[in-house]
Structure formats: structure tokens, C-alpha cells
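Try each task before reading its solution.

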Amino acid sequence: MTTTVNAVDSSEVAVQERIARLEHDFGDLDDPGNPLGAQQFLAADGRGLLLPAAERLLDSFGLNAEFVPRELGGRLDRLDALARVLRVVFRRDAALGLGYGLTSYLAAVVVWAAGTARQRQDTAALLLGHGRMACAYPEPPQGNDFLRNRLTAVPDGPGYLLSGRKEALNNAARADATVLFAHTPDGLSAFLVPGPLRERDGGGSVRLLPRRPTVGVRGCAVQGLAFDGHRLEAGRLLGAAGDGTRLAELVFPLTRSAGLSMALGCADTALRTTTAFARSRRQRSPASLHSSRTRTALVNAFADLLVCDCLALVATRATHVLPGESRTLGAVAKYLLPTILNETMDDLSIVLGSEAYATGGSYGIFHKTARDLPMLGLGSAGASASRGVLVDRLVRLSRPVGAAAEAAEAAADAAGGDGGRDGLAPLFRPFDAELAPCRGGEDSLLGSLEESARHAEGPLGAAAAVLVDQLRALREGCAGLGEAVGPRAYALADRYALLVAGAACLGVWRHRPAAGFLADPAWAATALSRVAGRLDRTSPRPPAPSTDRLLAELLHRFDDSRSYDLYATAIGR
């Protein structure tokens, strides 16, 4: 019997009920007779569309309520819960999760953070009425070239005149409202622009640019908008003029970690598809479960998904319990998770062989997922921008801060030690209240690493010891770093991100349930060994009993149709 990472309180029960309902409504992805099955999603992807039946299902479910705070009539009060609900959608189709869900959330979160009472109420009504939103975040200097372009807004009476281009927006043509960041005389500013924006709007001052074909998430309509003196009436500004940069920094912790946590649903489908393939092979096939290479690839993928989920859990909960550190933890998740997930897809593709390139049939969903996952790491706060946040953080890591017990207690809250919603700080603090500055020295998670390692024994203790040694090396490396940014700083940022992921795994294990799979140290030993191996290739591998335990759990979850994350959620039924 598997046990979830959270204690079951009323809030957690409600989350589980919503997930169960959505899974039941979608049905079995592998059922060829299911109108919401894999073959239907593949066909829609081939046409460059979101599956209409799936959109109608999400309308009926009221998915947009997941993006609206409870005080405005929605269901949003826990970022980790939001991500878990959206995993159900991403498990079927990343384009559906992005196009119907995540894009609207990315826009709405700016309104929740800085909008007036009227703007918040209007946006809530729009979403609860099944409306869509789009967003164009500012592009950091070290961000992705994919979205690099500029908007300007010149004051004109009580409003503004908007000019410039944004080359690639999801939902640009379908959005009922769009959040845009534009340069004004006061600095970067955010605006809530009503839609849908069409060329006929504003006397020809808006032009919808041609749709951009993409390798992945083909169902998402990615296209640009060009403005030429488009009038923005009074009341469209979000926050004060010139507050755009500060506002973007405020909401990035709410967007970086949530989106990648949702994407674990894609990786879940890839692992499940590969497991089905391996089980169908004959005994002598090198891709069968009788092959040690295949078994190792499956166990490693399962362990990597658990690592990613531990980090995603800590990063999403940090927005509640460690707000001053949530910017860094969100950047770690945005930087590290795409790397691990893409490596996992590469390893699984070796097991599938030529079937990894199939565009239809039983294994076509793997190829689609392999195309979709890299797209989810793009955006204004991509890997380069996130690594920049980590490098900036490293100059303050040369000395530990506070007692280890205090750091461990703070990290415990982020790792789910308090159970569910009770005691969590509000997700959307007033915009006028700045995020608490991150104190000098180490963050709570790294500060808890040595204390957590003292509680680990056996194979888990051996892997934890590698992390402790690497933490000491990180401190020494950061001591002479200075303000200069170069290859050495980037290498230290990589090490820092992995240590944070390892500390997250230890934190989740320390606050594990009393029984079930998560109570067994085998999963934590294997997951931590995966992290340690990336830090030091000479680190010991987990013993056979630990990997055998993970393989048995992986096959049990396959047979019982349960997810490959910390929650072992029943899927498709």
C-alpha cells in the first residue's frame, strides 16, 4: 500500500477528490476506444489543435477555478496542490496543459499580485466563466532569444499608447485578456489589456502576426502581436507605473516552480509507456525486463522523477513558508528540472529503440512527449535567467547561518512536514509588502543538509555523506568567488542546484509517513544516489536491494495504474 507525502487533512482530501474526479473523467489514456485517449491526442497534435473534447471536459470540470484564489471564488490556496491537479492534464497532453491551463495562470498571477480590487474581481469572473488569458513577461538580459522583443507605452491623457511587437505568445488570438509588460517613461510597467485582440480592434493599431510552427506542443497557437499606437484606456495599469520589474520578480517564484511541477505528468507518461514496451518484449530481447540495462534505465528514471518531485514540492511550498527564499528555490527548479527530465527521456528512448520515433500506435505518445517537454523550459524565465539567479546567490554562501536545528525546522515546513494547508502563509501577499530579503549565508534547505544527513544510515547515509562533502567543497569554492561571473561560477551554480535537490530529498524522507513506500529508505537511497552520482561520478551506487525495491514498486504502480511521483495517484479510473 502506498502513502502520500502529505498527512490527510480536510484540504488534502479536497485536493485528492478533485484529482480523482479529473482522472476518472479523462479515463484510460491507453484505451483505444476512449475519445480522450492517446490516439485522439496524437491526431489533434498532428492537426496543430487542442483536442476539442478535452477542452469541453476542462470547462465542465471548471479547471480555471484552480487558478483563482479562494477569496475570489476559486480553489487556489496551495501552489503544490495546483501543480498536482494540472499534472493530470499534462499527463495526457502538454499542449492542453499549457494552452488551456498554465498560460492563463501565468497571466492571472500578475493580476492577483498587483491588480486593484476591480481588476482582480473582473479577472476572476473572466476565468470562472471559462475565459482564457495570455501573457508577455519581460525578457531578462540573459533570457531566451525565442521571445526577445520590446513594447513601449507612451502616456496619452489618462491612458497610454502601446507600440512594438511581441513575437511569440501562446493564446494570443484566443485570449479574453492579456497581461503585457511595456517600457514607459517611468520604467517597465505592467498592463491588463482586454481581448480578444484582433486586427480590426483600435482602428488597425493591432496586428496579429502569423502563427509560428513549433517542434513540440503543436496544439498551442503560438503567434505574435504588433501594436502601433494602440490605445490603453485608464485603469489598465497593474500596480504603479514603473513597477514592472519589481512585479515580475515578485511573481516569478509563483510561476517557475509550478510549471515544471506540472510537467512531471509528461515524464510520468513517458516512463509508463517505456515500462509497457519493456514488459511486452520477449525474454531474449535486450529491451525486456530480463535485461539489466533495461531494469537500470527504468529504476533510474523512476528515481529521477522522485528527485524532481521532492524539489518541486519544496519549491512550491516555499512560496508559503519560506517566501524570502522562494525566488532562489524557484530558480533551482526551473534550471534543474528540465535538465533531469530531458536526460531521463534520452535514457528511456534507448530502451524503446526505433519505437521512440513512432508517431502513432501504442508508443507514439512517447515521441510526442519527447518533443513537448523541452518546450516547457522556454519562456522569459528560462534556464539562462534562472542560472543567473543562482550565481547571484552563490556569493552569499561562504558561511553557514543560524543553528542547524532552526534551518532544519524551516526546511521541514517546505518539505511538507506540517501536513496540509493549516499554518501556511497566504499565497498572494499584498504587492506593497516586499518579499522578505534572503538573509546572508546559506538558505534553510542547505542549512538543514548536514543535520538531515546525521539521521541517515546504511546506503542512504553513504549517499548523504557524498552530499555533505560536496557542500563543504561548495562553501570553499564560493569563499573566493567575488562578484565576477565566469565558467567557475556557472559550475558552482550547477553543484548548488544539485545539492538543493538532494537536501529536498532528505527533507521529504525525514518527514515521511509512518508506513508505505515513502517510509522505506530504499527510495531515498536510490534517489540520493542519483544526485550524488551527478556531483561525483565515483560515488557509490545504491545496493541491489534498494534498486530491486524500486523496480518492484515501479511494476506495482504500472499494474495498479498509479502515478510515478510522491503521491502514487490512481490514474485513468
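**Exercise 1.** Work out how many helices and strands the chain has.

*Solution.* Take helices (H or I, at least four residues) and strands (E, at least two) as DSSP runs, numbered from the N terminus. The chain then has 18 helices and 8 strands. This is a predicted model, in which local features need pLDDT of at least 70 and side-chain atom pairs count only at pLDDT 80 or more, while totals for chains, interfaces and linings use all residues. Residues are numbered from 1 along each chain as its sequence is written, and side-chain values use heavy atoms, leaving out hydrogens and water.

**Exercise 2.** Find what share of the chain's residues is buried.

*Solution.* Buried means under 20% relative accessible area (1.4 Å probe, protein chains only). Of the 573 residues in the chain, 60% are buried.

**Exercise 3.** Explain why helix H10 (residues 364-375) is largely enclosed by the rest of the structure.

*Solution.* Start with the count: 10 of the 12 residues of H10 are buried, so the helix is largely enclosed. Among those buried residues are Ile-365, Phe-366, Arg-371 and Asp-372. Next, look for their partners, taking contact as heavy atoms within 4.5 Å. The buried residues of H10 pack against helices including H2 (38-46), H5 (94-114) and H7 (244-280).

**Exercise 4.** Identify what Tyr-105 touches, not counting residues up to four places away in sequence.

*Solution.* With those neighbours set aside, Tyr-105 touches Phe-67, Leu-76, Leu-79, Leu-82, Leu-254, Thr-255 and Ala-258.

Methods: Buried < 20%, exposed > 50% of the residue type's maximum accessible area, 1.4 Å probe, protein only.
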